[in-house]
Amino acid sequence: MSARMQIISALVVTACLALLLATGSSGSARPLLIAVEGPQSGAQAANGVDQLRGVRLAVRQLDAGGGLWDRRKVAVYAADDQADATKAKAVARQVIAKGIRFVIGPYNSSVGLENLALYRRNRVLPLWMTSRDETAGAGATVQPMNTQIAPVEATYVKQIGARNVAMLVDDTPNGAFTKGMADRLRTALEADGASVTWISVLEATDPGATPSYYADRVAEALKSSPDLVYVSTYFPAGTQIAKALAASGTTPRCLMGLANVDNGFLAATTLAEAQRCVFSGVPAATEMPSASRYVRQYRAAFGKTAGVWGSFTYDSARILFAAIDRAKSYRFAAVERALRATKGYRGATGTITIDPKTGYRTNVPVSILQVDSRKRFVIAG
């Protein structure tokens with residue numbers, strides 16, 4: 001065989017080996033495995049499962065349309081952290097060990113404070129769902145951040161003229177987001193001359209977090225005769241506080257933080273209990289005109305009503321896929337650049353533009369919400 005033929009033969013063999021390594025037994029490219037991290041079991045499971053379904057819907061639609069730019073399909077790895085910061089690094093290591101390059105999540109800021117840096121060091125690009133600003137970094141988010149939520153809460157409190165505020169705050173190790181939001185609001189209120197009483201509360205999974213425990217904390221808050229009770233907890237702790245407030249027969253206004261905006265909250269309370277407070281947050285997907293198609297597709301796919309945060313993970317997945325297609329690459333830096341160049345994307349949660357410097361969404365759909373007569377989170381009138 002001539003030298004030229006030997007070179008050609010070697011090149012053919014090399015190409016064949018590369019093809020075999022890149023394909024599965026079916027002969028098609030192996031699916032791109034992406035992780036979805038969140039509380040898929042435990043007290044916040046209703047929220048975490050909704051988020052997981054949002055991504056799965058986006059993946060089904062992508063795969064049905066032929067996959068990514070190189071016809072590669074996508075598969076989902078469910079990374080359940082149970083909203084527990086002590087599990088955060090172990091869950092991230094599982095994702096990293098599988099060679100996964102992209103993660104949507106985590107959702108809880110206490111978890112993200114523990115493991116987002118670990119993801120980034122190992123070149124796993126996050127579309128983070130945490131809201132605490134300290135969790136920012138490489139990647140992007142369509143979720144509102146503390147600095148974007150806090151002004152909405154402060155404006156509301158100022159508008160209603162509250163001068164004596166009692167705060168019920170989950171400031172436990174898993175309450176990084178809830179404590180951070182309460183800290184911001186307290187600082188703003190005290191700077192304006194208002195009086196603030198801070199009462200720490202357990203998270204719902206802690207020993208001793210019984211209905212009577214929350215009733216006692218509410219009674220303690222009411223001793224200061226507040227004109228506003230501010231509740232910065234995660235669901236389901238907020239349901240117990242709402243029940244206790246409704247049962248107290250007292251009339252101070254109540255503002256619940258974004259972490260209680262969850263369909264599980266509505267399922268666990270009566271209409272009167274759910275309507276006892278207003279909320280900072282985003283409306284349920286069913287109440288967002290931009291999400292009408294997503295809501296129909298979600299019900300068709302899962303036989304369930306779409307919740308609040310699944311639409312955000314759905315949009316996260318879709319802008320990730322669009323970024324990969326524009327980059328024509330799976331490399332961390334290339335995809336991040338394309339992701340942060342997202343501009344005017346029409347998502348289920350509204351139009352999405354990402355700030356290329358921070359990875360933050362530039363216009364988040366945060367409002368003061370109320371629960372209507374059909375037990376839905378809607379923008380307060």
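Guide: Gladly. Helices (H or I, at least four residues) and strands (E, at least two) are DSSP runs, numbered from the N terminus. By that count the chain has 13 helices and 13 strands. This is a predicted model, where local features need pLDDT of at least 70, side-chain atom pairs count only at pLDDT 80 or more, and totals for chains, interfaces and linings use all residues. Residues are numbered from 1 along each chain as its sequence is written, and side-chain values use heavy atoms, with hydrogens and water left out.

Visitor: What makes glycine 137 count as partly exposed?

Guide: Buried means under 20% relative accessible area, exposed over 50%, and partly exposed in between (1.4 Å probe, protein chains only). Glycine 137 has 26% relative accessibility, so it counts as partly exposed. Its place is the loop between β4 (125-127) and α5 (146-160).

Visitor: Which residues does glycine 137 touch, not counting residues up to four places away in sequence?

Guide: Contact means heavy atoms within 4.5 Å, and on that basis glycine 137 touches Arg120, Trp128, Arg340 and Thr358. The C-alpha atoms of glycine 137 and threonine 358 are separated by 7.3 Å, although these residues are 221 apart along the chain.

Visitor: What makes a set of residues a nonpolar core?

Guide: The set must consist of buried Ala, Val, Leu, Ile, Met, Phe, Trp, Tyr and Cys residues joined through side-chain atoms within 4.5 Å. The largest such core here has 102 residues, and Tyr294 and Phe321 have the most contacts inside it. Helix α12 (residues 310-327) gives the most to this core, with eight residues. Apart from it lies another core, of 15 residues, among them Ala35, Val91, Leu116 and Met145.

Visitor: Which residues does phenylalanine 321 touch, leaving out those up to four places away in sequence?

Guide: Phenylalanine 321 touches Ile34, Ala58, Val59, Leu62, Leu68 and Val74.
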